[in-house]
Amino acid sequence: MELALQMEKENGRFPSYREYPYFESVMQRFQTWNKFVAACEKRKCEKDMNS
């Protein structure tokens with residue numbers, strides 16, 4: 001998850017599933033890419049609130 005957020009920060013956009021090196025792990029844990037993206041957005045909001 002942290003890698004995806006880092007990639008977003010570096011590239012100015014969230015990575016696509018094709019660009020993400022751990023896609024298979026994401027699918028095992030979250031079942032869909034959209035659920036992973038939503039979890040990353042939630043994590044990003046939580047980090048912003050705690051800063």
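**Notes on helix 3**

1. Asn-34 lies in helix 3, where helices are DSSP runs (H or I, at least four residues) numbered from the N terminus. This is a predicted model, in which local features need pLDDT of at least 70 and side-chain atom pairs count only at pLDDT 80 or more, while totals for chains, interfaces and linings use all residues. Residues are numbered from 1 along each chain as its sequence is written, and side-chain values use heavy atoms, with hydrogens and water left out.

2. Asn-34 has a relative accessible area of 62% and is therefore exposed (buried is under 20%, exposed over 50%, partly exposed in between; 1.4 Å probe, protein chains only). Between Asn-34 and Tyr-17 there are 9.7 Å in space, C-alpha to C-alpha, and the two are 17 residues apart in sequence.

3. Helix 3 runs over residues 33-50, 18 residues in total. From first C-alpha to last it reaches 26 Å, close to the 26 Å expected at 1.5 Å a residue; the expected span is 1.5 Å times one less than the number of residues.

4. Which residues of helix 3 are buried? They are Trp-33, Phe-36 and Cys-40. Viewed down the helix 3 axis, these buried residues fall within an arc of 55°, so they line one face of the helix; the arc is taken from the directions from the helix axis to the C-beta atoms. The face turned away from the buried side of helix 3 carries the exposed residues Asn-34, Lys-42 and Met-49.

5. The cover over the buried residues of helix 3 includes helix 1 (2-11) and helix 2 (23-30), judged by contact, meaning heavy atoms within 4.5 Å. Leaving aside neighbours within four places in sequence, Met-7 is in contact with Gly-12, Arg-13, Pro-15, Glu-19, Tyr-20 and Pro-21.

6. The largest nonpolar core has ten residues, among them Met-7, Tyr-20, Trp-33, Phe-36 and Cys-40. Such a core is a set of buried Ala, Val, Leu, Ile, Met, Phe, Trp, Tyr and Cys residues joined through side-chain atoms within 4.5 Å. At least two residues of the largest core come from each of helix 1, helix 2 and helix 3.

7. How many disulfides does a search of the whole structure find? It finds zero, a disulfide being a pair of cysteine sulfur atoms within 2.5 Å. Cys-40 is in no disulfide, and the nearest cysteine sulfur, that of Cys-45, is 11 Å away. Cys-40 counts as buried because its relative accessibility is 0%, whereas Cys-45 is partly exposed at 44% relative accessible area.
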